[in-house]
Amino acid sequence: MDYGLKGKLAFVNAGAYGSGEAVADLLTQEGASVIVADRDEEALQEKAARWTGVVAADLATAAGTQACEARGAAARWAPLVSRISTSACIESPISSGFAAS
């Protein structure tokens with residue numbers, strides 16, 4: 001099936017493993033240029049040949065976001081068409097947790 005992704009640019013964060021990696025690979029198979037970001041630089045470098053580009057950065061921080069933006073500008077990546085977030089919240093930011101209803 002043609003999803004019309006050929007020549008489009010997609011950005012997948014938390015893409016070094018699991019569902020993020022699977023999404024990045026599927027987008028690539030469908031013809032998209034895929035940029036993958038993750039905190040695990042070693043994993044990204046091992047898998048970098050599969051995608052258009054990789055960015056080792058923690059996008060939960062301002063510094064990580066700025067590093068990602070700088071890398072994109074330096075590489076002159078085309079305008080972004082799709083951003084896919086596969087990151088998850090492991091701990092609740094609410095100190096008392098969630099109330100049961």
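In which strand is the place of D38? Select D38 and you will find its place in strand β2; strands are DSSP runs of E with at least two residues and helices are runs of H or I with at least four, numbered from the N terminus.

Before going on, note that this is a predicted model, where local features need pLDDT of at least 70, side-chain atom pairs count only at pLDDT 80 or more, and totals for chains, interfaces and linings use all residues. Residues are numbered from 1 along each chain as its sequence is written, and side-chain values use heavy atoms, leaving out hydrogens and water.

**Stop 1: around D38.** D38 is buried (under 20% relative accessible area with a 1.4 Å probe, protein chains only; exposed is over 50%, partly exposed in between). Show its contacts (heavy atoms within 4.5 Å): among them are A14, L44 and V55, with residues up to four places away in sequence not counted.

**Stop 2: strand β1.** Now select residues 9–13, strand β1, where five of five residues are buried. L9, F11 and N13 lie on one side, A10 and V12 on the other. In a regular strand the side chains alternate between the two faces of the sheet.

Stop 3: Pick F11 and look across to I35, its bridge partner in β2.

**Stop 4: confidence.** Colour by pLDDT, the predictor's confidence in each residue, from 0 to 100. The protein's mean is 80. Over residues 92–96 the pLDDT is below 50. Where pLDDT is low, the predicted coordinates should not be read in detail.

Note on methods:
Two strands pair if DSSP finds at least two bridges between them. Lys and Arg count as positive and Asp and Glu as negative; His and the chain ends are not counted. A salt bridge is a side-chain nitrogen of Lys or Arg within 4 Å of a carboxyl oxygen of Asp or Glu.
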